[in-house]
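Here is a short briefing for a reader new to this structure. Please look over the sequence and the model, then read the points below.

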Amino acid sequence: MKDFKNKVAVITGGGSGIGLALAEQAADLGMHLVLADIDAGALDAVTKTFEAQGVRVLSQVIDVRNEAQLMALADAVYAEFGAAHLLFNNAGVGSVGKIWESTATDWDWVMGVNVNGVVNGIRAFVPRMIAGGEEGHVINTASIAGLVTGHGMAIYRVSKHAVVVLSEVLSHEFALYGHENMSASVLCPAWTKTQITTSERIRPDDMQNAPEEIKIGAMEIGHLKKMQSLIENTGKTAEEVAAATFDAIREKKFYIITHEDFIPAIAIRGKDILAGNNPRDLGI
Ligand SMILES: NC(=O)c1ccc[n+]([C@@H]2O[C@H](COP(=O)([O-])OP(=O)(O)OC[C@H]3O[C@@H](n4cnc5c(N)ncnc54)[C@H](O)[C@@H]3O)[C@@H](O)[C@H]2O)c1
């Protein structure tokens, strides 16, 4: 897609971080915005800011884990705008903790948001985007954690690998079924200055662990602190990530790797698999 003016960008997790930066760049290109987020306060504040700038915005508080809420959002978007052109399945949450000490609730929450949330977005919007016949592009936010291997953030890593392969299959299926109007990309950022390390702030009530179930020890707290420091000291801005994303949309580029320093780690993993080596923990 090269012409964005008066087209419609749907952005989940549009209330903060990368989603908000995508919304700002979409608005700068003359797009109408659909912002969906579980954080009502953040969503309200950013909506008011866009409206004050004269941007046409439809905002809805939703939990992307909830399929019915995504379907209702799509109904509202098609009633208001009659189309959706860019679909950013971007809402996501972080996790810390070992695989065997993360609770079933932790798995349900992180996989529910990071994987099912993307699936729900696709199921709600893609059939209508295909039927509408206009040029459409689906951009799923994964992470560099979906392309490399390492320790810590176990559920997050699993969820982001799922989003990468989900996006690859989506791209294959658009081609296989002849939906030439549709494209797909997967956004794989590394450290970016957002609120991702404080995802617990928006963990819903039905996803809280009982205090005695929580097994986050010194090691896990250490991982979290290291991550926060890497983001603070070496992270890109959300605006840089959003700009790279719009460049990729213009070029119909599938893999959006925003942090080139991490490309060697992807190659090392590939080489280890091909050589029959055991996985190396590169600390990423
Ligand atoms: N920041 C990084 O370093 C980094 C790196 C790689 C990938 N990512 C990915 O980028 C995406 C955006 O995260 P961010 O870094 O901007 O963090 P962020 O916390 O600043 O923004 C995430 C937004 O998603 C919303 N959200 C969370 N759960 C939701 C739910 N159930 N339903 C609807 N909205 C929900 C939050 O309220 C928030 O507004 C995520 O998918 C994240 O995994 C971030």
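The shell around the ligand has 14 nonpolar, 14 polar and four charged residues. Here Ala, Val, Leu, Ile, Met, Phe, Trp, Tyr, Cys and Pro count as nonpolar, Asp, Glu, Lys and Arg as charged, and the others, Gly among them, as polar. This is a predicted model: local features need pLDDT of at least 70, side-chain atom pairs count only at pLDDT 80 or more, and totals for chains, interfaces and linings use all residues. Residues are numbered from 1 along each chain as its sequence is written.

**Around the ligand**

- There are 32 residues around the ligand, and G13, S16, G17, G92 and T194 come nearest. A residue is near a molecule or strand if its C-beta atom, placed from the backbone, lies within 6 Å of it.
- Helix α1 (residues 17-28) gives the most to this shell, with three residues. Helices (H or I, at least four residues) and strands (E, at least two) are DSSP runs, numbered from the N terminus.

**Helix α1**

- α1 has 12 residues. From first C-alpha to last, α1 reaches 17 Å, close to the 16 Å expected at 1.5 Å a residue. The expected span of a helix is 1.5 Å times one less than its number of residues.
- Is α1 largely enclosed or in the open? Of its 12 residues, 10 are buried, so α1 is largely enclosed by the rest of the structure.
- A residue is buried if 20 or more other C-beta atoms lie within 10 Å of its own, exposed if 12 or fewer, and partly exposed in between; C-beta atoms are placed from the backbone.
- The buried residues of α1 include G17, I18, G19 and L20. E24 is also buried.
- Just after α1, G30 takes a positive phi of about 85 degrees.

**Helix α6, in the open**

- Helix α6 (residues 218-234) has 17 residues, which should span 24 Å at 1.5 Å a residue. Its end C-alpha atoms are 23 Å apart, which agrees.
- The number of buried residues in α6 is zero, so α6 lies largely in the open.

**Helix packing**

- Two packed helices are described by the angle between their axes and the distance between the axes.
- Axes are lines fitted to C-alpha atoms, for helices over the stretch in contact, and angles run from 0 to 180 degrees between N-to-C directions.
- α1 and helix α7 (residues 238-251) pack at about 55 degrees, with their axes 8 Å apart. That makes α1 oblique to α7.
- Helix α3 (residues 67-80) and helix α4 (residues 104-132) cross at roughly 30 degrees, and their axes come within 8 Å. α3 and α4 are therefore roughly parallel to each other.
- Angles under 35 degrees count as roughly parallel, over 145 as roughly antiparallel, 65 to 115 as roughly perpendicular and the rest as oblique.
- The crossing of α1 and α7 is right-handed. The crossing of α3 and α4 is right-handed. A crossing is right-handed if the near helix is turned clockwise from the far one by less than a right angle, and left-handed if anticlockwise.

**Single residues**

- N6 is not a glycine, yet has a positive phi of about 65 degrees. N6 is in the segment before β1 (8-12). N6 is exposed, with 12 other C-beta atoms within 10 Å.
- M153 is not a glycine either, and has a positive phi of about 50 degrees. M153 is in the loop between β5 (136-141) and α5 (154-176). M153 is buried, with 21 other C-beta atoms within 10 Å.
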